[in-house]
Amino acid sequence: MNKEVQNVEEALAGIEDNMTLMLGGFGLCGIPENSIAQLVKMGVRDLTCISNNAGVDDFGLGLLLQNRQIKKMISSYVGENDEFERQMLSGELEVDLIPQGSLAERCRAGGAGIPAFYTPAGYGTEVADGKEVREFNGKPHILESALTADYAIVKAWKGDTEGNLVFKATARNFNPMMAMAGKITIAEVEELVPAGELDPNFIHTPGIFVQRIFKGEHFEKRIEQRTVRTK
Amino acid sequence: MALDKNGIAQRIAQELRDGWYVNLGIGIPTLVANFIPEGIEVEFQSENGILGMGPFPFEGEEDADLINAGKQTITAQKGAVFFDSATSFAMIRGQHVHLTVLGAMEVAQNGDIANWKIPGKMVKGMGGAMDLVASAENIIVAMMHTNRAGESKLLERCTLPLTGVGCVKKVVTNLAVMEIRDDAFHLLERAPGVSIEDIKAATAGKLVIPDNVPEMQF
């Protein structure tokens with residue numbers, strides 16, 4: 001089945017105000033940067049964004065924050081973004097901070113048809129407030145529910161026209177689970193090849209989870225913390 | 001003399017055992033990788049999706065797609081593997097990782113830890129810390145004994161929002177190595193030249209002092 005669309009405009013068609021979006025990436029690594037730029041252009045507002053981080057002030061989801069397009073963020077760590085902190089402390093932005101492993105598993109569960117699961121993470125902390133607690137093997141766990149989204153937007157290294165995806169290095173992170181959890185999943189890739197060119201043995205995300213795929217026009221791939229050693 | 005951050009990392013590195021998979025948090029814990037004792041092999045896991053994390057890349061060889069959980073550019077060692085975040089936390093929650101080293105703002109004598117939030121002030125989020133402390137069997141906290149204001153970070157009970165309950169077993173600070181059990185900090189070792197009185201003065205929680213408290217050996 002051919003999932004290819006010609007450009008980012010076509011890929012993101014249908015995204016409207018008040019929708020819930022999942023966006024892959026960890027920090028600025030593996031984020032769908034072409035799609036984020038298009039969301040800024042589209043000007044859709046009051047979005048609920050599920051993403052591990054919130055970008056930095058002038059890149060990644062920070063661009064949507066600056067433009068006041070996000071109503072609510074569901075993330076695990078947002079420490080790199082001053083504008084985020086300002087909007088959160090002033091109450092303009094609703095924020096749900098959840099443990100990173102729980103966030104990953106909640107997306108996976110959403111895509112895998114599992115409505116909820118028990119995890120020890122967050123027991124005894126404010127994360128557990130209002131959640132069911134149950135003991136297994138003498139250890140308390142809390143009930144966490146699955147997450148899904150109207151649209152999941154992921155970024156892969158290579159993809160084929162069937163929507164099969166291959167990620168590179170640690171740019172994989174949240175992308176595979178979010179791809180599973182979107183009612184409609186959009187994949188932007190650096191390299192788009194005809195079906196049959198990717199080795200089926202080495203595909204990370206099967207194309208069944210992807211509804212639209214396009215080749216991103218430009219990838220800046222900004223580095224957040226450039227750390228090096230000298231020769 | 002109290003240890004510096006490298007000294008704390010070096011002392012923690014003595015806790016590493018051959019064949020262990022280890023997760024190092026941001027800050028002092030990251031430095032532990034610089035002091036792996038001779039003759040043992042460990043592999044570092046970073047929860048954003050790598051096992052077999054290597055040192056920082058040489059200048060000009062940075063790869064935006066290859067970072068650690070602190071978002072720093074890194075390299076992959078021979079035999080390394082990349083995976084998604086759900087798999088990463090399956091390794092952590094499923095107790096396949098042998099040791100977790102992380103920093104803290106406060107640790108209590110009952111093993112509670114607070115390291116993610118100062119109400120009304122800083123809002124960064126817990127990242128993977130809650131998953132790590134809730135699941136790891138073997139957690140070492142690496143931190144300074146007191147905060148910038150000179151107040152003890154080793155308390156009877158945490159005052160900041162908790163990251164996890166009853167999970168910390170060992171704390172290594174610039175002054176001492178302590179084990180947590182029976183609702184108390186048990187002093188195991190002191191930093192070279194640091195007196196028991198210094199440690200007592202800097203510890204607000206209950207401190208159990210055995211007859212013999214050796215100096216750390218490096």
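This is a predicted model: local features need pLDDT of at least 70, side-chain atom pairs count only at pLDDT 80 or more; totals for chains, interfaces and linings use all residues.

Colleague: How many helices and strands does chain B have, and what percentage of its residues count as buried?

Modeller: The C-alpha trace of chain B spans about 50 × 40 × 30 Å along its principal axes. Chain B has five helices and 15 strands, and, of its 218 residues, the share that counts as buried is 56%.

Colleague: What area is buried between chain B and chain A, and which three residues of chain B supply more of that chain's share than any other three?

Modeller: In terms of contacts, 50 residues of chain B meet 52 residues of chain A. The area buried between the two chains is about 4300 Å², with carbon and sulfur atoms giving 60% of it. On the chain B side, 19% of the area buried against chain A comes from three residues, namely B:Asp65, B:Lys71 and B:Val123.

Colleague: How many salt bridges are there between chain B and chain A, and which side chain meets B:Asp63 in one?

Modeller: Between chain B and chain A there are 25 residue pairs in polar contact, both residues at pLDDT 80 or more. The salt bridges between these chains count six. In one of them, at 3.1 Å from N to O, the side chain that meets B:Asp63 is that of A:Lys168.

Technical notes. Residues are numbered from 1 along each chain as its sequence is written. Chains are lettered from A and ligands numbered from 1 in the order in which they are written. Side-chain values use heavy atoms; hydrogens and water are left out. Contact means heavy atoms within 4.5 Å. Buried area is the accessible area (1.4 Å probe) that two parts lose on being put together, summed over both. A salt bridge is a side-chain nitrogen of Lys or Arg within 4 Å of a carboxyl oxygen of Asp or Glu. A polar contact is a pair of N or O atoms within 3.5 Å; within protein, one must be able to donate a hydrogen and the other to accept it, and residues adjacent in sequence count only if both atoms are side-chain atoms. Helices (H or I, at least four residues) and strands (E, at least two) are DSSP runs, numbered from the N terminus. Buried means under 20% relative accessible area, exposed over 50%, partly exposed in between (1.4 Å probe, protein chains only).
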